[in-house]
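Subject: Structure handover

Hello,

Here is the structure you will be taking over. Please open it before you read on.

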Amino acid sequence: MASIHGPITDVSEFHEVLKSSKRIMALCGAGLSAASGLGTFRGAGGMWRNHQATSLATPEAFEQDPGLVWLFYSYRRHKALQAKPNAGHYALTELSKEMPDDFITLTQNVDGLSQRAGHPREQLKLLHGSLFDIKCFDCDRIELNNYDDPFHPLLAIDSEEDSRLAPAENTEQARAAYEDPNVDTTTINPDDLPHCPDCKAGLLRPGVVWFGEDLPEDTLDEVSEWIEKDKIDLILVIGTTATVWPAAGYVSEATSKGAKVAVINMDGLDGELGAASNLRDDDFLFQGDASKILPEILKPIIGELEGVH
Ligand SMILES: [Zn+2]
């Protein structure tokens with residue numbers, strides 16, 4: 001039974017809408033990977049070791065100290081590889097296989113868990129790139145799904161006490177540089193970091209979208225093309241408040257093409273519901289763990305997930 005006000009929370013009502021939906025899109029954020037134990041760097045003051053995580057996620061930071069930025073991403077690759085895809089990832093994989101032309105997933109996640117759950121790559125649009133795609137800083141080279149851990153022997157992080165990650169002002173290097181400006185203050189000598197096998201000159205870098213960089217144009221084009229093709233019946237907004245561009249834009253594009261919205265999110269993520277606050281009376285809201293909710297609400301199409309916990 002629908003509540004008098006606000007979005008529908010009844011699973012069987014959602015099942016009816018799902019079964020009659022011909023084209024579906026999903027928009028995923030960090031909440032999808034929460035049950036896999038992957039946190040974001042927004043918590044804990046956004047600090048990684050002694051560094052502000054956001055200050056490391058820029059092309060300028062990479063130019064200034066590529067070794068330090070690489071160690072941050074080496075750590076994140078390592079953590080993501082220790083995590084396992086959860087039932088939410090597998091449920092979306094199954095839905096993709098059932099609807100090869102009529103379901104796409106847009107994800108803000110860079111953790112590679114959807115790929116490792118077997119999500120077909122052509123139906124997975126990585127809005128922010130991937131920790132496991134390796135690009136060249138200078139040329140167009142890109143290598144997909146490189147899961148080497150560490151990516152390079154110099155980038156292995158053995159302990160929480162890695163001296164290369166000490167605050168710069170405390171390092172001997174920094175003190176030496178203060179006395180002699182010609183001393184190299186970078187964390188790892190850039191000459192020793194992995195270089196591009198194609199152009200030979202550029203440093204390899206993680207294939208994520210950094211602050212100040214454009215979102216991947218090809219990906220955005222593919223998404224627009226898919227959206228333009230026909231009407232959309234349903235958009236699943238999973239583990240994201242979808243308040244930032246382009247996520248917020250996709251929700252309104254889908255609804256303008258007739259889609260109902262289903263928000264699947266933890267109660268009060270970041271204290272705000274974002275997309276959920278605009279839900280209409282015939283939209284859906286499922287508050288809780290996406291790894292538990294997705295297999296349940298998608299069951300009419302994907303059946304029971306086997307061997308996934
Ligand atoms: Zn190159």
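Below are notes on one helix, the cavities and one serine.

This is a predicted model: local features need pLDDT of at least 70, side-chain atom pairs count only at pLDDT 80 or more, and totals for chains, interfaces and linings use all residues. Residues are numbered from 1 along each chain as its sequence is written, and side-chain values use heavy atoms, with hydrogens and water left out.

Helix α8

Helices here are DSSP runs of H or I with at least four residues, strands are runs of E with at least two, and both are numbered from the N terminus. Helix α8 covers residues 217-229. Its 13 residues should span 18 Å at 1.5 Å a residue, and its end C-alpha atoms are 18 Å apart, which agrees. The expected span is 1.5 Å times one less than the number of residues.

Thr219, Leu220, Val223, Trp226 and Ile227 are the buried residues of α8. They cover an arc of only 125° around the axis, which puts them on the same side of α8. The arc is taken from the directions from the helix axis to the C-beta atoms. Buried means under 20% relative accessible area, exposed over 50%, and partly exposed in between (1.4 Å probe, protein chains only). On the other side of α8, the exposed residues are Glu217, Asp218, Glu225, Glu228 and Lys229.

What do the buried residues of α8 pack against? They pack against β1 (24-28), β4 (103-107), β5 (124-126) and α9 (247-256). Contact means heavy atoms within 4.5 Å.

Cavities

A cavity is a set of points on a 1 Å grid over the protein atoms alone where a 1.4 Å probe fits but cannot get out; lining residues have an atom within 4 Å of a point. The count comes to 2 cavities of 30 Å³ or more.

The largest cavity has a volume of about 40 Å³. Its lining includes Leu32, His89, Asp111 and Leu126. Helix α6 (residues 113-116) gives the most to this lining, with 3 residues.

The second largest cavity has a volume of about 30 Å³. Among its lining residues are Gly31, Gly239, Met266 and Asp289.

Serine 55

Serine 55 sits in helix α2 (residues 53-56). It counts as partly exposed, at 39% relative accessibility. Serine 55 and valine 69 are 14 residues apart in sequence, and their C-alpha atoms are 9.4 Å apart in space.

Best wishes

How values were computed. On a 1 Å grid over the protein atoms alone, a cavity is a set of points where a 1.4 Å probe fits but cannot get out, and a pocket is an open set with protein on both sides within 12 Å along at least five of seven lines; lining residues have an atom within 4 Å of a point. Grid points are joined across faces, edges and corners, and a volume is the space filled by probe spheres set on the points.
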